[in-house]
Amino acid sequence: MAQYTPPELDSRRLAGAGFLIAGLVAIAAGLLLPVVLGSFSRGQTLILAVVEAACLAVVAAGILLLARRLQTSHEALWALARRDELTGVGNYRALHERLAEEIARHRRHAREFALVLLDLDGFKAVNEHFGHLEGDRLLTEIGMALSDEVRAEDSVFRQGGDEFAVIVPEANAEEAEEVAARLRARVIRRGFGTDTTRPVSAATGFAMFPADGDSGEALLGFADRDLFAAKRERRPA
């Protein structure tokens, strides 16, 4: 999943401001000309009216262009507020919003979906032995790896620390377990997971809607307990 880059000030935004300024200046000049030059003939008045109409059109175009740019900036900021800065996947806020959306959608159609939680084992040792920069690099790589592993309709989030979450729409319990197994295997193939002296693996837990909970908090709580049980039992990756 690509990192998000905020939009920069571009020529289209400057062009919109230029349209507005030029149009307003031209309209002001048209209003002042009769005062400065006196009365106009019918032909001159018609020409002035056409010019002012054209200026109004330029102003309208400038306003429209700026409105579109404002909408684009708003959408970009909305996305940025829901993206984890380090890994590029969705953040905690995005996870809760998406859970609410999926709950409403699957309840409406009487369908089920899965929430999978994944927690890294061995990540603390990476930070201790190689430093936090390497730990951040590993988290970024794992975020990208998880995003590559899931389907296009699935969503990956970082809850915080070394814990990730995946929403798997239209999935039953068996399919959720298969997704969890694939994610655990993918972690092993990434970063320090190939270092047999300091392996990094992952434990997973999952919850099903609506069987294990009918709210975001309930699903997260159930999945977290399942994850804790998996770590306690030292489920193989």
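Trainee: Which strands does helix H6 lie across, and at about what angle does it run to S4?
Mentor: Helix H6, which covers residues 173-188, lies across S1, S3 and S4, and it runs at about 160 degrees to S4. Keep in mind as we go on that this is a predicted model.

Trainee: And what about H3, which strands does that one lie across?
Mentor: H3 lies across S1, S2, S3 and S4, and its direction is at about 135 degrees to S2.

Trainee: OK, what is the order of the strands in the sheet?
Mentor: The order is S2-S3-S1-S4 in an open sheet of 4 strands, and the pairing is antiparallel. Strand S2 (155-160) and S4 stand at the edges with a single partner strand each, so one side of each has no neighbour in the sheet. From one strand to the next, the twist averages 25 degrees.

Trainee: Is S1 largely enclosed or left open by the rest of the structure?
Mentor: Strand S1, residues 113-121, is largely enclosed by the rest of the structure, because 8 of its 9 residues are buried.

Trainee: Switching to helices, where do H3 and H7 meet, and which residues make the contact?
Mentor: The axes of helix H3 (residues 92-108) and helix H7 (residues 216-233) come within 9 Å and cross at roughly 110 degrees, which means that H3 is roughly perpendicular to H7. On the H3 side the contact is made by Leu95, His96, Leu99 and Ile103, and on the H7 side by Gly216, Glu217, Leu219 and Leu220. Sorted by class, this contact of H3 with H7 has 5 nonpolar, 2 polar and 1 charged residues.

Trainee: I also clicked on Thr87, so is that one buried or exposed?
Mentor: Thr87 counts as buried, because its relative accessibility is 1%, and it lies in the loop between helix H2 (42-80) and H3. Thr87 and Leu139 are 52 residues apart in sequence, and their C-alpha atoms are 6.5 Å apart in space.

Trainee: Last one, where is the confidence lowest and where is it highest?
Mentor: Confidence in the chain is lowest in helix H1 (residues 11-37), with a mean of 55, and highest in S3, at 97. For the chain, the mean pLDDT is 80, and 70% of the residues reach 70 or more.

Notes. Residues numbered from 1 in each chain as written. Predicted model: local features only at pLDDT ≥ 70, side-chain atom pairs only at ≥ 80, totals over all residues. Heavy atoms only, no water. Buried < 20%, exposed > 50% of the residue type's maximum accessible area, 1.4 Å probe, protein only. Helix = DSSP H or I, 4+ residues; strand = E, 2+ residues; numbered from the N terminus. pLDDT = per-residue confidence, 0-100. Axes fitted to C-alpha atoms, helices over the stretch in contact; angles between N-to-C directions. Parallel < 35°, antiparallel > 145°, perpendicular 65-115°, else oblique. Contact = heavy atoms within 4.5 Å. Nonpolar A, V, L, I, M, F, W, Y, C, P; charged D, E, K, R; others polar. Pairing = 2+ DSSP bridges.
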